[in-house]
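Me: Please walk me through this protein by question and answer. Keep it brisk.

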Amino acid sequence: MLNKEDLEMRTAFDLTPYRRSTVGFDRLFDALENSFRAETQDGYPPFDIVRTGEDSYRITLAVAGFRPDEIDITSQQNQLVISGQKIEKDEDGVEFVHRGIAARAFERRFQLADYVEVRDADYEHGMLTISLQRIVPESLKRRKIAIGSREHVNDDTPQLPEDKAA
């Protein structure tokens, strides 16, 4: 049986010792702490993350019951936020015996690595698909440096004038 202390130990890591002994890793530690907090939230709406290529990804969220105009997607400073707010319709005379289709508001946050950009978003059959691409600047890409060869002529060797030679 799992008690509350065991659950807290699994989800609450103290990164303070690492913060004290490293420089420039603040964003990494912030992302880790945010992901620990996010794991404790409910799993609505469910989603998949798929790697579609070496530098491309796709996030798919199941948002059945929401229209595209009820969903907001924003990307800022390495964070992708997807939120949905159902626009309530006044349904006169309708009495629900059971309401199983989720229509509650939601917000999903995804930490994006450096240089990951949102390419596009599509909505079809209750599934929201967001395409992501990692675009590394040319100055940061690995490049191979060719090694040239030059014939070295030793110019220090004394030359005899042609008319004095012989």
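**Core, sheet and side-chain pairs**

Reply: The largest nonpolar core holds 15 residues, and those with the most contacts inside it are Val63, Leu80, Ile82, Leu128 and Leu132. A nonpolar core here is a set of buried Ala, Val, Leu, Ile, Met, Phe, Trp, Tyr and Cys residues joined through side-chain atoms within 4.5 Å. This is a predicted model: local features need pLDDT of at least 70, side-chain atom pairs count only at pLDDT 80 or more, and totals for chains, interfaces and linings use all residues. Residues are numbered from 1 along each chain as its sequence is written, and side-chain values use heavy atoms, with hydrogens and water left out.

Me: Which element gives the largest share of this core?

Reply: Strand 2, strand 4, strand 5 and strand 7 (127-134) each give two or more residues to the core. Helices (H or I, at least four residues) and strands (E, at least two) are DSSP runs, numbered from the N terminus. The largest share is three residues, and it comes from strand 7.

Me: Which residues does Leu132 contact, leaving aside its neighbours within four places in sequence?

Reply: Leu132 is among the residues with the most contacts inside the core. Contact means heavy atoms within 4.5 Å. With neighbours within four places in sequence left aside, its partners are Asp55, Ser56, Tyr57, Ile59, Leu80, Leu112, Val116, Glu117, Val118 and Arg119.

Me: In what order do the three strands of the open sheet run?

Reply: Strand 3 and strand 4 pair in the antiparallel sense over six bridges. Strand 4 and strand 5 also pair in the antiparallel sense, over six bridges. Strands pair if DSSP finds at least two bridges between them. The order in the open sheet is 3-4-5.

Me: Which residue stands opposite Leu80 in strand 5?

Reply: Ser83 has Glu107 as its partner. Ile82 has Arg108. Opposite Leu80 stands Phe110.

Me: How many of the six residues of strand 4 are buried?

Reply: Buried means under 20% relative accessible area, exposed over 50%, and partly exposed in between (1.4 Å probe, protein chains only). On one side of strand 4, Gln79, Val81 and Ser83 are buried; on the other, Leu80, Ile82 and Gly84 are. Strand 4 is therefore largely enclosed by the rest of the structure, and the buried count is six of the six.

Me: How many aromatic pairs does the structure hold, and what is the angle between the planes of Tyr44 and Phe106?

Reply: The structure holds three aromatic pairs. Rings of Phe, Tyr and Trp (its six-membered ring) pair if their centres lie within 6.5 Å; planes under 30 degrees apart count as stacked, over 60 as edge-to-face and the rest as tilted. The centres of Tyr44 and Phe106 are 6.1 Å apart, and the pair is edge-to-face because the planes stand at 90 degrees.

Me: How far apart in sequence are the parts tied together by Phe47 and Phe110?

Reply: Phe47 and Phe110 form an edge-to-face pair, 5.1 Å centre to centre, with 85 degrees between the planes. Phe47 is partly exposed at 32% relative accessibility, whereas Phe110 is buried at 8%. Phe47 lies in strand 1 and Phe110 in strand 5, so the separation is 63 residues.

Me: Which residues are linked in a network of salt bridges?

Reply: A salt bridge is a side-chain nitrogen of Lys or Arg within 4 Å of a carboxyl oxygen of Asp or Glu. The whole structure has seven. Arg67 meets Asp69 at 3.2 Å, N to O, and Lys86 meets Glu70 at 3.3 Å. The linked residues are Arg67, Asp69, Glu70 and Lys86.

Me: Is Glu70 buried or exposed?

Reply: Its salt-bridge partner is Lys86. Lys86 is partly exposed, with a relative accessible area of 21%. Glu70 has 4% relative accessibility, so Glu70 counts as buried.
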